[in-house]
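Trainee: I would like to learn how to read the surface and the charged pairs of a structure. Where do I begin?

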Amino acid sequence: MGYSHAVSGPQAYKPLYLPIDENHPPLPYETYGLSKHVGEQVLETAARTARSTSFVSLRFTNIVKSEMWGTLPWPSPSEERPLTLLMWAYCHEEDVIDAHVQSVLRASAAADGEHEAYLLAAPDTRFREP
């Protein structure tokens, strides 16, 4: 993805299409995003040579911890209260934990000699209005 937290300017993430999915190309705009992309490229390279090992990347959006679930949905941002959260997406803390466990336990998560990336996000946004 873009991995930028900037809401405007040259580092603001501009997706090629919406909704973003696993097929959307990474478009890093900053060193943090670049480090995520490089990590996935390392796994792609390893998958080409380690044919008996599978590799999984989890691309999770901002995590909302369980003690904060009761605060959702938040009031929508406005000009007076702008927020810099990427596309308003989030994921539940327990879903992130489960995804890590499932990526190890499920043989179908990635075939041997393959790298699969999964985008994790809640089916709604953290705000009242999309």
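**Accessibility, a patch and salt bridges**

Mentor: Begin with Leu 105, which has 63% relative accessibility and therefore counts as exposed, since exposed means over 50%. Keep in mind that this is a predicted model.

Trainee: Where does Leu 105 lie?

Mentor: Leu 105 belongs to helix α2, which covers residues 93-105.

Trainee: Which residues make the nonpolar surface patch?

Mentor: Ile 97, Val 101, Val 104 and Leu 105 make a patch of about 410 Å².

Trainee: Now the charged pairs. How many salt bridges are there by this rule?

Mentor: The rule asks for a side-chain nitrogen of Lys or Arg within 4 Å of a carboxyl oxygen of Asp or Glu. By this rule there are two salt bridges. One joins Glu 40 and Arg 59, with the closest N and O atoms 2.6 Å apart. This pair links distant parts of the chain, 19 residues apart: Glu 40 is in helix α1 (residues 31-49) and Arg 59 in strand β1 (residues 55-60).

Trainee: Are Glu 40 and Arg 59 buried or exposed?

Mentor: Both Glu 40 and Arg 59 are buried.

Trainee: What does Lys 65 meet in a salt bridge?

Mentor: The side chain of Lys 65 meets that of Glu 93, at 2.7 Å from N to O. Lys 65 sits in the loop between β2 (63-64) and β3 (91-92), and Glu 93 is in helix α2, 28 residues apart.

Trainee: Why does Glu 93 count as buried?

Mentor: Buried means under 20%, and Glu 93 has 18% relative accessibility, so Glu 93 counts as buried. Lys 65, at 40%, counts as partly exposed.

Notes
Residues are numbered from 1 along each chain as its sequence is written. This is a predicted model: local features need pLDDT of at least 70, side-chain atom pairs count only at pLDDT 80 or more; totals for chains, interfaces and linings use all residues. Side-chain values use heavy atoms; hydrogens and water are left out. Patches are made of residues with over 30% relative accessible area and no salt bridge: like charges are joined within 9 Å, nonpolar side chains (Val, Leu, Ile, Met, Phe, Trp, Tyr) within 5 Å. Accessible areas come from the Shrake-Rupley method with a 1.4 Å probe; for residues, only the protein chains shown count as cover. Helices (H or I, at least four residues) and strands (E, at least two) are DSSP runs, numbered from the N terminus. Buried means under 20% relative accessible area, exposed over 50%, partly exposed in between (1.4 Å probe, protein chains only).
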